[in-house]
Amino acid sequence: MSRSQHIFQPGQRWVSYSETDLGLGTVEVIEGRHVTLFFPAVEETRVYAVDNAPLSRVLYSIGDKVSHNKGVMLTVEQMQEHNNCMIYLCLDEQGEQVVLHEVDLDSIGAFNKPQSRLFTGQIDKNKLFDLRLKTLDFQRKLDQFNGFGLSGPRVQLLPHQFYIAKKVTERHAARVLLADEVGLGKTIEAGLILHQQLLTGAIDRVLIVVPDALIHQ
């Protein structure tokens, strides 16, 4: 498959690289600066601005495997263009020649794989790659941070609270009794521990048992 410029014609098949799950769309109407596509796979319609539509034309080449909308797998042998729409001369699995018009291409297409995205021209800009790289690097540094999961509470932490929470979360299976005196921040310590355990995946859920008077605290 390859990609062409935005020259729309009814019957052409295009794929939206912002909504690849829509499958192949069919150009229905070109009116002024807008083009309307119908996506049979999901039975939805989209209207795009002609000048900046997030669309890639789906064009197959000789040797490509294509699917007819009737579910028949074909191999492209030749291509012809008629009124800006493609006609594919194909062979079916029995070696019989089949004429496949572009509009009859199967509408269910998977374009989330790297090869499919490349073939349909869905290539991200360099700045998006740089952003992902920086994000992954930041995530790596965050995962290696000794205080991961213990920072960011909307309270003023006291040194002993952070110390206790860090010591508990460093254990393989944390089972502790927090028995500080009243007012030293046992609730904050417990919250820090639970927050860190949830973020790191050490636990999946939490059961908190308190007297009735503290339910809404």
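Q: Where is Glu 43 found, and why is Glu 43 called exposed?
A: Glu 43 sits in the loop between β3 (34-39) and β4. This is a predicted model, and in it Glu 43 has 66% relative accessibility. Exposed means over 50%, so at 66% Glu 43 gets the label.

Q: What makes the phi of Glu 43 worth a remark?
A: Phi of Glu 43 is near 55°, a positive value, and the residue is something other than glycine. Asn 84 gets a remark too, with a positive phi near 65° in a residue other than glycine.

Q: Is Asn 84 buried or exposed, or something in between, and where does Asn 84 lie?
A: Asn 84 lies in the loop between β7 (73-82) and β8 (85-91). Its relative accessible area is 36%. Buried needs under 20% and exposed over 50%, so Asn 84 is partly exposed.

Q: Why is the contact between Arg 46 and Glu 19 called a salt bridge?
A: Their side chains meet at 3.1 Å, N to O. The cut-off is 4 Å between a side-chain nitrogen of Lys or Arg and a carboxyl oxygen of Asp or Glu, so the pair qualifies. In general, side chains of opposite charge can pair when their charged atoms come close.

Q: What does the pair of Arg 46 and Glu 19 tie together?
A: Arg 46 is in strand β4 and Glu 19 is in the loop between β1 and β2, so the bridge links parts that are 27 residues apart in sequence. Arg 46 is partly exposed at 22% relative accessible area, and Glu 19 is partly exposed at 26%.

Q: How do you know that Glu 44 forms a salt bridge with Arg 46?
A: The closest N and O atoms of Glu 44 and Arg 46 are 2.8 Å apart, and the limit is 4 Å, so this counts as a salt bridge. Glu 44 is partly exposed, at 33% relative accessibility.

Q: How far apart in helix α2 are Arg 140 and Asp 137?
A: They are three residues apart in α2 (residues 126-144), which means about one helical turn between them. Arg 140 is partly exposed at 40%, and Asp 137 is partly exposed at 31%.

Q: What makes Glu 19, Glu 44 and Arg 46 one network?
A: Salt bridges that share partners join these residues. The structure holds five salt bridges.

Q: How do you know that β1 pairs with β2?
A: Three bridges join β1 (residues 13-16) to β2 (residues 24-31), running antiparallel. Pairing takes at least two bridges, so these strands pair. In β2, Thr 26 is the bridge partner of Arg 13.

Q: Which residues touch the most other members of the largest nonpolar core?
A: The core has 13 residues, and those with the most contacts to other members include Tyr 60, Val 66, Val 76 and Tyr 88. β7 and β8 are the elements that give two or more residues to this core. β8 gives the most, with three residues.

Technical notes. Residues are numbered from 1 along each chain as its sequence is written. This is a predicted model: local features need pLDDT of at least 70, side-chain atom pairs count only at pLDDT 80 or more; totals for chains, interfaces and linings use all residues. Side-chain values use heavy atoms; hydrogens and water are left out. Helices (H or I, at least four residues) and strands (E, at least two) are DSSP runs, numbered from the N terminus. Buried means under 20% relative accessible area, exposed over 50%, partly exposed in between (1.4 Å probe, protein chains only). A nonpolar core is a set of buried Ala, Val, Leu, Ile, Met, Phe, Trp, Tyr and Cys residues joined through side-chain atoms within 4.5 Å.
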